[in-house]
Amino acid sequence: MSQYRKIVVATLLAACGFTAQSTWASADHMVVAMPQLPPTVEPQGVNNNAIDRVVSSIYETLIHANQQTGALEPGLAESWKRISPETVEFKLRKGVKFHDGTDFTADDVVFSFGPERFSGEKAPGRAAAWEFLGGLKEVKKVDDYTVRVTMKTADPLIERRFSARMSEIISEDGYKAAGSWENWIKKPSGTGPYKIDSFKTSNRLDLTRFDGYWNQKAPATKLSFVEVPELSARVAGLRSGEFDLITEVPPDQIKPLSSDGRVDVVGGPIDNIYGLIFDNKSSKVMQSKELRLAILHAIDRELLVQALFAGKTTTADSFQSKTFGDLYIPELNQKLYDPEKAKALIKASGYKGEPIVWRIQTGYYTLEMTVSQAIAAMLKNVGLNVEIQVKENWSQVEAAGPDRMINNASFSAYFPDPASQLWRRLKPGTSWDTMGFLDTSSPEYKRFAELGKILETSTDPAARKEAWKGMLEAFMKDPMACPLYALPMIYAKQKNVNWTPGMEGRLDLGAGNLSFK
């Protein structure tokens, strides 16, 4: 490492509040370094990969989804049962405390999804949470420790929804004591194993063990998440012992890090498809379905996976996951790469060589810049004039305008069902729709949306599968996005940290999944 690089790394570490000393990880203070912290740690404040990292340490859901198996287990609810196709009744756990010292009861569950936070038309949590819970009709208190959740229509996935993101339970008393959403989000209160000590946006989030936790006590006395955008700084901090776990490790670092006797590299593809989202509404160029389809056929996914990810993930030729079980349709996951077909589609589109702007960040996703440059070369090879523009943050990436054409995106399956992935992200009323990315007037989109309602509301497995098949077929006639590969989530950790990554991007740092040798 050059002297200049050493100075840069030391400066970054110092900015995060660390000094250079070599130590083993310990239960006194665990430090996680990641490229970007979320702008808020209120669960319904934002939906991105960064907040996924931290929420399960602070908050809990009524049902717990096992991150290794996907099995549904008791969480803040001890048990649950179906009352009707639209309704599930939850029996709540007694003796649970929030971080603010108040008791967890049915009132907190009702409030968490009520008009002040979520269900109201102008509620601050609605924008991020609607695509997860937009079908919710009401959460009704039966008694202090029983609630009934009712959806607007039949819903085969209620139990899954209330085990996933955006269904975390918050303290009603804490929210009301804060006086406003703006005050509340500075230090929100959950029931998880750790509570918030301090949060500095774009710097660090410090948590401490919650001694009033109802379940097994947290394994670390203090847990910190620090924002370290530079991979070199994250690696240097891990090797020096300043960091105990780092995220977004690229495959070319696996071998050198694994050769370090004190470091383990873990992880692999998660239930999340990395891809591109098209704005097929703002730009006349991107309105061409033939051109968008050409992009899907121009990209050699196998080359990306092998050359850039050393085979540590899998290609995605459709927005499907084998975790969908009977709803996985292999015949609709056939290899897309066909550059000659791409060229023919471009010719048919009437494309005249206009610039196609692709907005990216340099490192929000693993190898984001490298992958984007490689794909841009493939697109240029079939005749597309691609212009990569590097932006500092998501606000700049997603800013409206005729030059918003292609953005990078990930499509997380927060539970093993297609309704949680492509449909969740592209159905009418979701963020990409409200931001003006999607042309919802096209016949193919209308067909996609019509069948999506069946997927989301039918309790007949055969009908759901037929609807999903039709949605994939409609999507391929008028693609609104481009699948690339399963998002690889590779971590490096101190060897004396016993921790196993799960099938999602969230980090389970509770007693059941974390210990120190």
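This is a predicted model: local features need pLDDT of at least 70, side-chain atom pairs count only at pLDDT 80 or more; totals for chains, interfaces and linings use all residues.

Residues are numbered from 1 along each chain as its sequence is written, and side-chain values use heavy atoms, with hydrogens and water left out.

**The sheet**

Begin by colouring the strands, which, like the helices, are DSSP runs numbered from the N terminus (helices are H or I with at least four residues, strands are E with at least two). Ten strands make up an open sheet of mixed pairing, in the order β8-β9-β10-β1-β11-β16-β12-β15-β13-β14. At its edges are β8 (194-200) and β14, and each has a single partner strand, so one side of each lacks a neighbour in the sheet. Two strands count as paired if DSSP finds at least two bridges between them.

Now select residues 356-360 and 386-390, which are β13 and β14, joined in the parallel sense by five bridges. Between these strands the chain passes through helix α13 (residues 368-381), and this β-α-β crossover is right-handed, meaning that, with the strands pointing away from the viewer, the path from the first strand over the helix to the second runs clockwise. Next, select Val-32, which stands opposite Leu-245 in β11; here β1 (residues 29-34) and β11 (residues 245-246) run parallel and share two bridges.

Select residues 289-298 to see helix α10, where eight of the ten residues are buried, so the helix is largely enclosed by the rest of the structure. Buried means under 20% relative accessible area, exposed over 50%, and partly exposed in between, using a 1.4 Å probe and protein chains only.

Move on to α18 (residues 461-477), whose 17 residues reach 25 Å from the first C-alpha to the last, close to the 24 Å expected at 1.5 Å a residue, where the expected span is 1.5 Å times one less than the number of residues. Its buried residues, among them Trp-468 and Phe-475, pack against α15 (422-426), α17 (443-457) and β16 (481-494).

**A buried glutamine**

Finally, select Gln-421 in the loop between β15 (406-412) and α15. Is Gln-421 buried or exposed? Its relative accessible area is 1%, so Gln-421 is buried. Leaving out residues up to four places away in sequence, Gln-421 touches residues including Asp-271, Phe-319 and Phe-411, where contact means heavy atoms within 4.5 Å.
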